[in-house]
Amino acid sequence: METKKHSSILNQQTIEKIGFSALTLVTLLTVAPIIAIVVYIIYLGAPAISWEFVTAMPRDGMRAGGILPAIVGTLYLTLGTAIFSVPLGVAAAIYLSEYAPDNQVTRYIRLAIINLAGIPSVVYGLFGLGLFVIFLNFGTSILSASLTLSIMTLPVIISTTEEALRAVPQSFRVVSVSLGATKWQTIQRLVLPQALPGILTGVVLGLERAAGETAPILFTGAAFFLPRLPNSPMDATMALPYHLFVISTQVPGMPIQIQYGTVLVLMIFVLIMNLIVTIIRSQARARRQW
Amino acid sequence: MAKKLKTSELVITRSIQFSGFSSILFVLMILYFLISEGTPALLDVPFSDLFSQRWYPIESYYGILPLILGSLVVTLGATLVAVPLGVLTAVYIAEIAPLWAREILKPLVELLAGLPSVVLGFLGILVLSPFLRDTFNLPTGLTALTGSILLGMIAIPTIVSISEDALKNVPETYRHGSLALGVTRWQTIWGVTLPAARSGILTAIMLGVGRTIGETMTVMMVTGNAPVMPASFNALFLPIRTMTATIASEMGEVAAGSPHYHVLFFIGMVLFIFTLIVNIIASNISFKQTKRSERILS
């Protein structure tokens, strides 16, 4: 600091140039691996993808054939998670944004949400095992796993939805109520539609996380190997992330092709969901009326 | 008509209220199940054995110290990786990057946040661990270091997005005032903007650290799963085992109600307490900036 005070403007400008370059380099160092991962997986995974790979059952102890049950399982789990977590999460966010008084109880709710967001995924797995699988006797099933994933997803949906609701200008609500609408009518017909893009973004981000999680479903619903499609919510199921874990660590002599193919399919899921978020955001930005 | 509207409105309002309170209910339920399944471990295993140095459940050695230290070593390593990269990237995105670069960088960081941890674990096994093994001439590439690097990548999106928000929240007038005094943008960043965003950045770091302590699949796949006491700095280059990985790899094989089962829930309790402390610190640092600190999401 002492030397800086006495150095000339020119020196400071050189320092700034060096500093900015260094920051650019660090940023590149951070994002380069991300780009590398995506390119690497697409490059090595693409040859493994075929119609059979995404539509057939696994054969030869998963060393051949397709990964259909894992794909369908992940879709079911994501859908199941959405069924429970979206209504509950959006309603909770409406409460926090539109109804909750500024008091101690509301602060506890917020603390609870922050805590839920911080609980490790494997602890959710333990909880799901204790409550849904054993205590409520749902067994290792799509139902147990979806419920476990829902609670884990809840904080993401609540916090993004609340932020979207709060972004709707207060004057909208005042005008609506002054025109004779009830509070719920105002929320239903005015606030929710306006906040919809933000809510959808939160929902997709939450479900994206749920779809990629392994630890919470390990003991609540994931099946090591199940060469058929689940036919009820009480069935266990294969799932893409767990399947990737299994074939990359638990099965000796696994053809590398199938591993890269599986990782690519999983990444395509993630990329699609990210794309949806990006599209919703840019559309909303273009259409925003306030 | 008016009457009917009122009842339906009442029902809706009540269910919204109930949903609002549900988070508290879930936290309490999680706590209840961890305690009710975890505390019997204290009856099954003597306290001194539980906190001893040997984890070997087959012969009823339930010392969880190596697991706790394993988690701490990997978390510390990940922090060393993620904090400089994450905070400096946030500074670049918030303060220096031109608009077009920002439009590319932010989705990229978000993409990293969305990558399932098994994907990083998978790449860790196939790419990073052979690389580290050959570079440092190690007997195995599945070490605490491998886990630290990958966990660092997992913490980076959290650190970047919350730090960036914190920097964005610094009023523009601060920067203008500083620049008007004749100092450079570089000096403004270090002398004004960063100090002003300090609490938000600390929150970002704490939340990033919180994520690393709880990460499961990646560490389970790449740290070699050896529950040994980390003895010295060298531990970074040796296999290790975290609390999370222990639960994930052993819970599937234990009988419900056995001592081993209770001990695994007990480890879950310890994990819960660890992350609770980290999160309470994080939320206290910036209780005034609640809105931002809640974006713990991705």
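Mentor: Buried residues make up 52% of the 298 residues in chain B. Keep in mind that this is a predicted model.

Trainee: What secondary structure does chain B have?

Mentor: Chain B has 14 helices and 2 strands.

Trainee: And what box do its C-alpha atoms fill?

Mentor: Along the principal axes, the C-alpha atoms of chain B fill a box of roughly 75 × 70 × 35 Å.

Trainee: What does B:Val119 touch?

Mentor: Leaving out residues up to four places away in sequence, B:Val119 touches A:Val263, A:Leu266 and A:Met267.

Trainee: Of the contacts in chain B between residues at least 6 apart, how many join residues at least 24 apart in sequence?

Mentor: The share is 75%.

Trainee: New topic, confidence. What is the mean pLDDT of chain B?

Mentor: The mean is 88, and 94% of the residues in chain B reach 70 or more.

Trainee: Which elements of chain B have the lowest and highest mean pLDDT?

Mentor: Helix H14, residues 290–293, has the lowest at 46, while helix H4, residues 65–96, has the highest at 94.

Trainee: Where does pLDDT stay under 50 in chain B?

Mentor: Over residues 290–298. The model has 33 contacts beyond four places in sequence for that stretch.

Trainee: What ipTM and pTM does the complex get?

Mentor: The predictor gives an ipTM of 0.88 and a pTM of 0.89.

How values were computed
Residues are numbered from 1 along each chain as its sequence is written. Chains are lettered from A and ligands numbered from 1 in the order in which they are written. This is a predicted model: local features need pLDDT of at least 70, side-chain atom pairs count only at pLDDT 80 or more; totals for chains, interfaces and linings use all residues. pLDDT is the predictor's confidence in each residue, from 0 to 100. Helices (H or I, at least four residues) and strands (E, at least two) are DSSP runs, numbered from the N terminus. Two residues are in contact if their C-beta atoms, placed from the backbone, lie within 7 Å. A residue is buried if 20 or more other C-beta atoms lie within 10 Å of its own, exposed if 12 or fewer, and partly exposed in between; C-beta atoms are placed from the backbone.
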